[in-house]
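Hello,

Here is the structure I promised to pass on to you. Have a look at it first, and then read my notes below.

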Amino acid sequence: MRKSNEPVPWLLFGAGGVVAAFLVPSLVVLTGIAGPAGWLGGALEYERVLALVSHPVTKLFLLALISLPLFHWAHRFRFTVMDLGLRASKRAIAVACYGSAVIGSILGALIIISL
Amino acid sequence: MRPFVRPVPTTWWLKRRVYFLFILRELTSVFIAVFLILFLVLLYQLSLGRAAYETYLDFLASPGMIAFAVVVLIAALYHTVTWFALLPNIVVIRIGEYRVPSILIVGANYVAWIAVSALIVVIIMRG
């Protein structure tokens, strides 16, 4: 493991790693493969999905599902880019990565609240 | 005075299998992030109404998007396996003098993962 003295990014990285490990495979199978291919019958029908995501608990779940793995990506990508040779501007890389995760999370929150 | 930095070729990660697998593991996060953005767009189309939502579902059903989702699934499974594999390095559970063996910690996570995935399938299928 990398040593890090940045507790906030590291906590978000860890939480995002857990969320991605537990939830993303089934999400990809359902909403990326089986659902669009039509194997789920009417499970992804407009009214059903809208009813499901309108529940406050689902909204919280969706926000965590989208936001935390974005921070996980930001943390990993930040160091991978440097590992692959881009060492010139560490601060710019960090700002771009975490900034993208913040923007994605805000957009996610706005979209999820509007449902 | 500038410290000496030994130059490392940009292709260092192609030199050994473990280096390559390390970079592959780090890059799984890119595929997961891109997929979650696509999923967020699905939610956005849902908020726009039925026509927009169904058009987007048709787009996701195109062969290229299904193929991309399969690649994302492989990346996501690689993330899950490698994430569980490094857990015993972080989590140490002791009961008195007894240290819970790492295979139990990893095994418990696989059981929990399967249970959570099954629950998500049930929730989506039953609405």
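Let me start with how the two chains meet: 45 residues of chain A are in contact with 44 residues of chain B, where contact means that the C-beta atoms of two residues, placed from the backbone, lie within 7 Å. On the chain A side, the elements giving two or more residues are helix H1 (7–37), helix H2 (46–53), helix H3 (56–83) and helix H4 (90–114) of chain A. Helices (H or I, at least four residues) and strands (E, at least two) are DSSP runs, numbered from the N terminus. H1(A) gives the most to this side, with 17 residues. By type, the residues of chain A that touch chain B divide into 33 nonpolar, ten polar and two charged. Here Ala, Val, Leu, Ile, Met, Phe, Trp, Tyr, Cys and Pro count as nonpolar, Asp, Glu, Lys and Arg as charged, and the others, Gly among them, as polar.

Please keep in mind that this is a predicted model, in which local features need pLDDT of at least 70 and side-chain atom pairs count only at pLDDT 80 or more, while totals for chains, interfaces and linings use all residues. Residues are numbered from 1 along each chain as its sequence is written, and chains are lettered from A and ligands numbered from 1 in the order in which they are written.

The model scores ipTM 0.92 and pTM 0.90. Chain B averages a pLDDT (the predictor's confidence in each residue, from 0 to 100) of 92, and 99% of the residues score at least 70. Within chain B, the highest mean is in H2(B), at 96, and the lowest in strand S1 (residues 94–95), at 85.

Chain B holds four helices and two strands, in the order α-α-α-β-β-α from the N terminus. Its C-alpha trace spans about 60 × 50 × 30 Å along the principal axes.

One helix pair in chain B is worth a look. Helix H1 (residues 17–48) and helix H2 (residues 50–60) of chain B pack at an angle of about 150°, with their axes 5 Å apart; axes are lines fitted to C-alpha atoms, for helices over the stretch in contact, and angles run from 0 to 180 degrees between N-to-C directions. H1(B) and H2(B) are therefore roughly antiparallel, a term for angles over 145 degrees. Val41(B), Leu42(B), Gln45(B), Leu46(B) and Leu48(B) of H1(B) meet Ala52(B), Tyr53(B) and Tyr56(B) of H2(B). Seven of these contact residues are nonpolar, one is polar and none is charged.

Best wishes

Key: Parallel < 35°, antiparallel > 145°, perpendicular 65-115°, else oblique.
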